[in-house]
Amino acid sequence: MTILSTGGNFLGQSLVDFANSSGIAMILNSGNWQTLVMLGLSLFLLYLAIHKNYEPLLLLPIAFGMLLTNLPGAEMFHSDLFAGGHVHWDNFVNDAGLLDYLYLGVKLGIYPCLIFIGVGAMTDFGPLIANPKSFLLGAAAQLGIFATFIGAYAMGFSPSEAGSIGIIGGADGPTSIYLTAKLAPHLLGPIAIAAYSYMALVPVIQPPIMRALTTQKEREIKMTQLRQVSKTEKIVFPMIITIIIALFLPSAAPLVGCLMLGNLMKECGVVDRLSKTVQNELMNIVVIFLGITVGATATADSFLNFKTLGILALGIVAFSMGTSGGLLLAKLMNVFLPEGKKINPLIGSAGVSAVPMAARVSQSEGLKANPRNYLLMHAMGPNVAGVIGSAVAAGILLSFLG
């Protein structure tokens, strides 16, 4: 009887322990409603990625990473291992979960740089080389970054947090992640989600601003066809840009250097196999790891607070001001340009880094004003200049705040 009793007690206790170790019991015992909110939010983001097609290549893995990190008891990500902006290697071997190891690629700045190699290999800098004035429009579109940095700091965010929030205005997801991982890793989840959400909403956010800041006559301006850019120019360009930016702003060298390496692979014509690899296999693998691990940082503690609401609000301000900056500079340049050489201000809005979506929006708005107005290739100049500009802006912020 003693053996049966012991066995019965053992079985009963095992069942109790099993029940108490379940995620459901953890939620019920802790009364942690925030976990349920985060799980619901992750499912909503998955809905946007799958059903609404909002930046699905990154929003889907980000949303699923958020789902994984908020599952009670899964222990896949431990934010305390990265507390204070440092990797606590002493506790890493015994306590780390799967996503902790994958997150090292974000923390150490590996994933964003690898993605920039792929972006460079998929980017044609020809329109920018053919029309160097596009550099100015791409630079003007970074107005949102620095204006929002000042605004966020005035609202009570620390300088590092303000810099990470401001970079959303560049509409460049990898750059936002790279800078935030360096300056304010505790804000990585909300900033990444805001950056990619606003990138997906470019066709919704930009057109009202474009129409408000330009006249019908300005939107009808037809631009002359761009000159043909030689292969030699396309090969030399990434080398020169890398050297110039690295010498003046070394902190921007990792992002800009990787971007130009990918572009050189594309244009030189002697490493086609490598170019195809970074455009496809490497890019796809890194995007999966980057998305899941960025989503994993969106825990209830870091996401459900007033700071997150402030980030989302400031993010839309940053993006709107970036769009406005490019438009307004194009209008100013037209004051000094002769007839026949004037710029359609709509291409200035493409100075944000959402490639090629922002350029397509410029094309769409131009066609509405004039059905024979083809602005796509003209808009690609500021668009790719914005990619370089956002990386340079991140380097400036990192130099001052890092």
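Which helices each supply at least two residues of the lining of the largest pocket? They are helix H4 (56–69), helix H7 (110–121), helix H12 (173–183), helix H13 (188–200), helix H19 (281–296), helix H22 (357–369) and helix H23 (376–401), where helices (H or I, at least four residues) are DSSP runs numbered from the N terminus. The model is predicted, and local features need pLDDT of at least 70, side-chain atom pairs count only at pLDDT 80 or more, and totals for chains, interfaces and linings use all residues. Residues are numbered from 1 along each chain as its sequence is written, and side-chain values use heavy atoms, with hydrogens and water left out.

A pocket here is an open set of points, on a 1 Å grid over the protein atoms alone, where a 1.4 Å probe fits and where protein lies on both sides within 12 Å along at least five of seven lines; its lining residues have an atom within 4 Å of a point. The lining is made up of 21 nonpolar, five polar and three charged residues, with Ala, Val, Leu, Ile, Met, Phe, Trp, Tyr, Cys and Pro counted as nonpolar, Asp, Glu, Lys and Arg as charged, and the others, Gly among them, as polar.

The second largest pocket holds about 710 Å³, and of the 30 residues that line it, Thr69, Phe77, Ser79, Thr299 and Asp301 lie nearest its centre. Its lining divides into twelve nonpolar, 15 polar and three charged residues, and helix H2 (23–30), helix H3 (33–50) and helix H20 (300–303) each supply at least two of the lining residues.

The buried residues of H3 (under 20% relative accessible area, against over 50% for exposed and in between for partly exposed, with a 1.4 Å probe and protein chains only) are Thr35, Met38, Leu39, Ser42, Leu45, Leu46, Leu48 and Ala49.

Aromatic rings give another way through the structure. Rings of Phe, Tyr and Trp (its six-membered ring) pair if their centres lie within 6.5 Å, and planes under 30 degrees apart count as stacked, over 60 as edge-to-face and the rest as tilted; the count comes to ten aromatic pairs. One of them is the stacked pair of Phe44 and Tyr47, 6.4 Å centre to centre with 25° between the planes. Both residues lie in helix H3, three residues apart, about one turn of the helix. Because its relative accessible area is 44%, Phe44 is partly exposed, and Tyr47, at 38%, also counts as partly exposed.

The rings of Phe82 and Phe92 have their centres 5.9 Å apart and their planes at 80°, so this pair is edge-to-face. Phe82 lies in the loop between H4 and helix H5 (89–95), whereas Phe92 lies in helix H5, ten residues apart.

Methods
Grid points are joined across faces, edges and corners, and a volume is the space filled by probe spheres set on the points.
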